[in-house]
Amino acid sequence: MKGTKWDTKHWVIHNAVDKTVENLVKHPHIQEAAQWINRDELVAFPTETVYGLGANALSNQASMKIFEAKGRPSDNPLIVHIAHLEQLDGVVDNIPPLAEKLMKTCWPGPLTLVLAKGRNVCQTVTADLSTVAVRMPDHPVALALILASGKPLAAPSANRSGKPSPTSAEHVLHDLNGRISGVLDGGMTGVGVESTVVDVTEEIPMILRPGGVTKEQLEQIVGEVRVDPALQAEGLDVREKPRSPGVKYQHYAPEGDMWLVGLEQGLEWMQQKIRQLVREDRLKGYRVGVLTTDEGMSGYEADTVLSVGKREDLSTVTQRIYHVLREFDQQGTQRIYAETFPIEGLGAAVMNRLHKAAGGKVIRFNSDLISEK
Ligand code: TXA
Ligand code: MG
C-alpha cells in the first residue's frame with residue numbers, strides 16, 4: 001500500500017553477533033530483504049557513506065520506483081552498487097587501466113566511477129546517458145544484500161529528493177516510511193557523506209562530486225586529477241553547467257533559511273560575524289541556530305547551537321553533518337548560520353554539502369548579501 005505509514009519493514013541488523021559478509025548473507029532479515037529486491041521492490045540499506053535506496057539495477061520497473069519514492073527528477077542517474085568485480089560484466093562496457101587501478105586501490109570504499117555503460121543496465125538507471133556510475137560499498141550489510149539478491153543494486157541516497165542524506169535508519173523512515181518495502185538498520189553510517197564521483201571515461205580523471213575519497217588521495221594513486229569547473233566555482237558565481245546531472249539540484253536543505261559565513265578573514269572574524277548576525281535575528285524574534293564545531297560550542301548564544309565535530313578532524317565533521325542539518329529541523333530553527341572550512345582534503349566534500357544546504361548563500365567580509373538578507 002503506497003503512501004501509508006505502516007508498511008515499511010524495519011529490519012534491525014546491527015546487533016547481529018557475527019557481522020562478516022559471509023554470515024550476514026544467511027541472516028533471515030537479509031534473505032527477506034533480498035526477496036523483496038527480486039520482486040522489483042525497494043529496500044533501503046546502510047553503506048559506509050550514507051543509507052542507499054536499493055532496487056535491482058537490471059530491472060526498469062524496479063528502478064523507476066526509486067524515482068517515484070524519492071520524488072527524484074528522472075534526468076538524475078543512479079549509482080550501481082556491486083559486491084564483486086564479476087558483476088561489472090554487462091554493467092560497464094570497458095574498463096580503462098586507470099579505472100582498474102582505482103578499483104584495486106579504493107574498492108570496497110567511497111569512490112564511484114563513471115564508465116561507458118554496458119548492455120544490461122536499464123536506461124532508467126542511467127537516465128539515458130551513455131555512461132554508468134558504479135561503486136563497491138564498504139559495508140557488510142550492503143555487500144550481503146547484493147550477494148543474497150544476486151543483483152547489482154541501483155541506489156541513490158535514501159532520502160526524499162532535496163533533503164539531507166540519511167545516516168541512520170531513523171532518517172530513512174522519517175523521509176520514506178510507507179513509500180518503500182523495508183529498511184535494513186545497520187546503525188549510524190561511518191563516513192557520513194556520499195562517495196566521490198569520478199569520471200574515468202577520459203584520459204585524465206575528473207571529480208564530478210567531492211566525497212569520502214579526497215582529491216589528494218586520488219592524485220597519489222593516478223597522478224593528475226581534474227575537478228569539474230562547476231564545482232570549483234562553488235560559492236563564487238556558478239555559471240558553468242555541471243557534468244554530473246545531480247549536482248545542479250538543490251540538496252541537503254534544512255527547512256530553515258541557511259547562510260554560510262566565510263573563513264577568508266580568519267576564524268575569529270567568522271565567529272564574531274556569526275555572533276552579530278545571531279543577535280540581530282534574535283532581536284527580530286527568529287529562532288536562530290548555529291552550526292559550529294566542538295571548539296566553538298561555548299562561543300555562541302543562540303536558540304540551537306550544534307557541533308558537527310572537531311575542526312581539526314574533518315572525518316568527525318563528515319560523519320555528523322547530515323544528522324546536524326536534520327536536527328535543526330527537529331528544533332524548528334528558522335535561521336541557521338554555519339561556520340565554514342578550508343577546501344582541502346575532506347573539507348572539499350564538507351563545503352560542497354554546506355554550499356548546497358545553504359542554497360549557495362555565503363556571507364563574506366564586505367558582503368552585500370548581508371543587506372539582502
Ligand atoms: O555514497 C554514495 O554515493 C551514496 C550511497 C548510497 O552509495 N549514493 C549516492 O547516490 O549518493 P545519489 O543518487 O544520491 O548521487 C549520485 C550522484 C548524482 O550526483 C548523479 O548525478 C551522479 O552520481 N551520477 C550518476 N550516474 C552518473 C553518470 N553516468 N554520469 C555522471 N554523474 C552520474
Ligand atoms: Mg543523494
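Me: How many residues surround ligand 1, and which are the closest?

Reply: A residue counts as near a molecule if one of its heavy atoms lies within 4 Å of it. In this predicted model, 27 residues surround ligand 1, and the closest are Thr49, Asn76, His81, Ser195 and Gly246. The residues of this shell divide into 14 nonpolar, nine polar and four charged.

Me: Which side chains have an N or O atom 2.7 Å from an oxygen atom of ligand 1?

Reply: A polar contact is a pair of N or O atoms within 3.5 Å. The side chain of Thr49 places an N or O atom 2.7 Å from an oxygen atom of ligand 1, and the side chain of Asn76 also has an N or O atom 2.7 Å from an oxygen atom of the ligand. For Arg72, a polar side-chain atom lies 2.9 Å from an oxygen atom of ligand 1. Of the 680 Å² of accessible area that ligand 1 has on its own, the protein covers 97%.

Me: Which elements give two or more residues to the shell around ligand 1?

Reply: The space taken by ligand 1 is the largest pocket, and the elements that give two or more residues to the shell are strands S3 (51-56), S4 (79-81), S6 (131-135) and S10 (206-209). The largest share, four residues, comes from S6.

Me: What is the order of the strands in the open sheet of five strands?

Reply: Strands of a sheet pair through backbone hydrogen bonds, either parallel or antiparallel. Here the order is S14-S13-S15-S12-S16, with parallel pairing, and the edge strands, S14 (304-307) and S16 (362-363), each pair on one side only. Strands S13 (288-292) and S15 (335-338) pair over four bridges, and Val290 has Tyr337 in S15 as its bridge partner.

Key. Residues are numbered from 1 along each chain as its sequence is written. Chains are lettered from A and ligands numbered from 1 in the order in which they are written. This is a predicted model: local features need pLDDT of at least 70, side-chain atom pairs count only at pLDDT 80 or more; totals for chains, interfaces and linings use all residues. Side-chain values use heavy atoms; hydrogens and water are left out. A polar contact is a pair of N or O atoms within 3.5 Å; within protein, one must be able to donate a hydrogen and the other to accept it, and residues adjacent in sequence count only if both atoms are side-chain atoms. Accessible areas come from the Shrake-Rupley method with a 1.4 Å probe; for residues, only the protein chains shown count as cover. On a 1 Å grid over the protein atoms alone, a cavity is a set of points where a 1.4 Å probe fits but cannot get out, and a pocket is an open set with protein on both sides within 12 Å along at least five of seven lines; lining residues have an atom within 4 Å of a point. A molecule sits in a cavity or pocket if more than half of its atoms lie within 2 Å of its grid points. Ala, Val, Leu, Ile, Met, Phe, Trp, Tyr, Cys and Pro count as nonpolar, Asp, Glu, Lys and Arg as charged, and the others, Gly among them, as polar. Two strands pair if DSSP finds at least two bridges between them.
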